[in-house]
Amino acid sequence: MKKEKLSTKKEIFVCNFKREDGENCFDRGAKEITDNLKSWAKEHYKNDIKVIRSGCLGKCSQGVAVLSYPEKHFLLEVTTQDIPEIKKGLKEALE
């Protein structure tokens, strides 16, 4: 086993779980949200923010779930309309 320290200041996990029967984040737009945040972070904050497409975060009944570290905050019921507000919050947290 090898340990490696994360080099970014923030990690953002976006649930992209897809379940055949029942509620899931993928069918509610998680892929679009993840792709948008990933490309934005790579372009503007490559060394500070890492956006990770995750499996189930246990909150699928509450819409697309986004988990922010190191704060350990959940954003729930996230839609594509929330992307500008998420970006603004991440940018402000780094300043």
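Mentor: What follows goes through the pocket, the backbone, a few side chains and the cysteines.
Mentor: Please keep in mind that this is a predicted model, in which local features need pLDDT of at least 70 and side-chain atom pairs count only at pLDDT 80 or more, while totals for chains, interfaces and linings use all residues. Residues are numbered from 1 along each chain as its sequence is written, and side-chain values use heavy atoms, with hydrogens and water left out.

Trainee: What volume does the largest pocket have?
Mentor: Its volume is about 210 Å³. On a 1 Å grid over the protein atoms alone, a pocket is an open set of points where a 1.4 Å probe fits, with protein on both sides within 12 Å along at least five of seven lines, and lining residues have an atom within 4 Å of a point. Grid points are joined across faces, edges and corners, and the volume is the space filled by probe spheres set on the points.

Trainee: And which element gives the most to the lining of the largest pocket?
Mentor: Helix H2 does, with 5 residues. Strands S1 (10-15), S3 (64-69) and S4 (73-78) and helix H2 (83-94) each supply at least two residues of that lining; helices (H or I, at least four residues) and strands (E, at least two) are DSSP runs, numbered from the N terminus.

Trainee: How do the lining residues divide by type?
Mentor: There are 6 nonpolar, 3 polar and 3 charged residues, where Ala, Val, Leu, Ile, Met, Phe, Trp, Tyr, Cys and Pro count as nonpolar, Asp, Glu, Lys and Arg as charged, and the others, Gly among them, as polar. The lining includes Lys10, Ser68, His73 and Glu85.

Trainee: Take Ser68, then: is it buried or exposed?
Mentor: Ser68, which is found in strand S3, counts as buried at 12% relative accessibility. Buried means under 20% relative accessible area, exposed over 50%, and partly exposed in between, with a 1.4 Å probe and protein chains only. Leaving aside residues up to four places away in sequence, Ser68 touches Lys10, Glu11, Ile12 and His73, contact meaning heavy atoms within 4.5 Å.

Trainee: Switching to the backbone, which residues does a cis peptide bond join?
Mentor: The cis bond joins Tyr69 and Pro70, with omega about 15 degrees, and Pro70 is found in the loop between S3 and S4. Most residues other than glycine have a negative phi, and most peptide bonds are trans. Lys72, in the loop between S3 and S4, has a positive phi of about 65 degrees although it is not a glycine, and Glu77, in strand S4, has a positive phi of about 60 degrees. Lys72 is exposed at 61% relative accessibility, and Glu77 is exposed at 58%.

Trainee: What does the side chain of Asn16 reach?
Mentor: The side chain of Asn16 reaches the backbone oxygen of Val14 at 2.9 Å. Asn16 lies in the loop between S1 and helix H1 (30-44) and is buried, with a relative accessible area of 11%.

Trainee: Last topic: how many disulfides does the structure hold?
Mentor: It holds 0 disulfides, a disulfide being a pair of cysteine sulfur atoms within 2.5 Å. The sulfur of Cys15 is 3.5 Å from the closest cysteine sulfur, in Cys25, which is too far for a bond. Cys60 is in no disulfide either, as the nearest cysteine sulfur, that of Cys25, is 3.9 Å away. Cys15 is buried at 1% relative accessibility, and Cys60 is buried at 6%.

How values were computed
A polar contact is a pair of N or O atoms within 3.5 Å; within protein, one must be able to donate a hydrogen and the other to accept it, and residues adjacent in sequence count only if both atoms are side-chain atoms.
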